[in-house]
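Here is my note on this structure, written as numbered points. Please read it with the sequence and the model side by side.

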Amino acid sequence: MRFLFDSNTWQEIFGSIGKNRTRTIITVIGVLWGILIYIVLSGAAKGLDNGFEKQFQNVAMNSMFTWAQSTSMPYKGFKTGRQLQLKLNDGVLLKNRIPEIQYIAPRNVKGIFGGSPAQIIRSGKSGNYAVYGDYPISTKIATKKIYDGGRFINDEDIDGARKVCVIGERTQKDLFESDENPIGGYIRIDNVFFQVVGVHKFTPGGGFESDSDIYIPFTTFKKLYNTGENVGWFAIAAYDDADVIKVEENVKAVLKTIHNVNPKDERAIGSFNLGEIFNRIVGFAKGLTFMSLVVGIATILAGVIGIGNILLISVKERTKELGVRRALGATPKEVRSLIILESVFLTMLAGVMGIVLGAGVLSLINNLTQGMDFPYANPTVPIPYVLGALALMVVLGTLIGLIPAQRAVSIKPIDALREE
C-alpha cells in the first residue's frame, strides 16, 4: 500500500506517460469515448422511459379502452353494417369471464365523437363543454387530480343519481370569478341545476379529455340524456402480471359472443391498447440501454487494449531502465505493480473524464428538451451503473496491464544492461 503513496512511483508513471504523450492521449480518448457512449445512450434511454412514464402517470399502464362499431360480416341472420351498442351488463360479464381484469369502468360522454357539447350556464355566463357520465372506479384507471376542498364522484352520488358535478379548470375560469370558490356553487347543465363538488386539475396526455370537461354520476347522465343501459365505451385495467394483449383479445371475443358478431369480424369491436404501446416503449428503451452497454463495453475494451499496447511499447523503450532497477534490488513484484498501476491509472483517468463529459452531454440534452411536446424527461444513469462501469474499467485495466507487466518482469538485468 505504501507503494501507491510513494512520490517516486508517480514520478515514474508521469515520466513514462510524458515520453509517449501523443500515443497515450489518443489511446485514452478511445477509452473515454467508450464510457461516453455508454453514459449518453443509457441516459437517453432512461430519459425516454421517464418521459413516457410522466406522460401516462395518471393512467394505468396495463389499461385499454373498447367500444362498439358496425359489423363488417354477416352472422346468424344479421346483415353486414349492423351498428352495435354496448350495455351496462356487458361490463359485468366481462369482469366475470376474464379474471385478468382488475377494474372495468363504463363511460358515457356528450360533446365528443361528433356529438354536440352540453350548454352550461351560470349567472349570465355560458359555454359549451363536454360532459362525461362516470363511475368512481374510473379513477382507478385514469387518476383525476382534484383541488383541495373538492372531491370526485362517489358511490352515494351513483346510488342516488345526485345532480353533482366536477368541473375543469377552464370551466371554473369561464363561469366563476377569480376570487370565487366554485365548491358548493351551482351551474346549469342543459337547463338542469347541478352542484359543483370539485374542480379537477388538467394533466396533458390523457387522450381526448381537456381542461374544460365536466364529470357527473353515470346514473345521473343516464337520466339527463335518456341513455338507458347504453355505454359509450369501457375503460379496462388488467392486473400488473397479466398479458394485456391477450386480455384485449379476450375482451373482444366475449363482446362478439354477447352481441352475436362473427368471431372473424375485426371491425365490429374497436379498441385502443395503452398497455401494449407502453410495453413497446419500455422494450425499445431496454433495447437502447442494452445496445449502449454492448457498444460501450466494446469501445472501452478496444481502448484498454490500446493502453496495453502503449505500455508494451513503453516497457520495450524502458528495457535498460528496468534492468538497472532490477540490478539495484527492485523485486519483480515492484516492477509488476508499477506497470499495472500505470495501466489502471490511465484507464480510470479516461473513465472519469468520460463520465464527466457524459453527464455534461445529458445535462445539455435535458435543457434542450425542456418544454417540448415530445415525452422526454430527466435523462440520467443510475449511480450503480456508473460505479459498475468504473469497476469494470479497473478490472480491464488490471488484466490488460498484466501483459506488459509480465514482459517487464521477464527482463533479465544482465540482458537489459546490454540493450542499446
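**Notes on the model**

1. Start with I297. This residue counts as partly exposed, at 35% relative accessibility. The scale runs as follows: buried is under 20% relative accessible area, exposed is over 50%, and partly exposed is in between (1.4 Å probe, protein chains only). I297 is found in helix α9. Helices (H or I, at least four residues) and strands (E, at least two) are DSSP runs, numbered from the N terminus.

2. A word on the source. This is a predicted model, where local features need pLDDT of at least 70, side-chain atom pairs count only at pLDDT 80 or more, and totals for chains, interfaces and linings use all residues. Residues are numbered from 1 along each chain as its sequence is written, and side-chain values use heavy atoms, with hydrogens and water left out.

3. Helix α9 (residues 274-317) gives the largest share, four residues.

4. Now the whole chain. The protein chain has 13 helices and 14 strands. Of its 420 residues, 46% count as buried. Take the contacts (heavy atoms within 4.5 Å) with a separation of 6 or more: residues 24 or more positions apart account for 79% of them.

5. Aromatic rings come next. The structure holds five aromatic pairs. F221 and Y225 form one that is tilted, at 4.9 Å centre to centre and 55° between the planes. Rings of Phe, Tyr and Trp (its six-membered ring) pair if their centres lie within 6.5 Å; planes under 30 degrees apart count as stacked, over 60 as edge-to-face and the rest as tilted. Ring pairs also link Y132, F152, Y215 and W233 into a cluster.

6. Stay with helix α7 (residues 218-225). F221 and Y225 both lie in α7, four residues apart, about one turn of the helix. F221 is buried, with a relative accessible area of 3%. F218, T219 and T220 in α7 are buried too. Just after α7, N226 takes a positive phi of about 55°.

7. Two further residues deserve a look at phi. Most residues other than glycine have a negative phi. A161 has a positive phi of about 45° although it is not a glycine. A161 lies in the loop between α5 (155-160) and β8 (164-168). Is A161 buried or exposed? A161 is buried, at 12% relative accessible area. N191 has a phi near 70°. N191 sits in the loop between β9 (186-189) and β10 (192-201), and N191 counts as exposed at 57% relative accessibility.

8. Check K87 in strand β2 (residues 86-87). At 35% relative accessibility, K87 counts as partly exposed. The C-alpha atoms of K87 and G232 are 8.5 Å apart, though 145 residues separate the two along the chain. Not counting residues up to four places away in sequence, K87 touches E229, N230, V231 and F234.

9. T71 is in the loop between β1 (63-68) and β2. T71 is buried, at 1% relative accessibility. Beyond four places in sequence, T71 touches several residues, including R82, V261 and D265. The charged end of R82 sits over the ring of F78, 4.0 Å from its centre. The rule here is that NZ of Lys or CZ of Arg is within 6 Å of the ring centre and within 35 degrees of the ring normal.

10. Last, I146 in strand β7 (residues 145-146). I146 counts as partly exposed at 22% relative accessibility. The C-alpha atoms of I146 and K201, 55 residues apart along the chain, are separated by 5.9 Å. Leaving aside neighbours within four places, the contacts of I146 include F152, V166 and H200.
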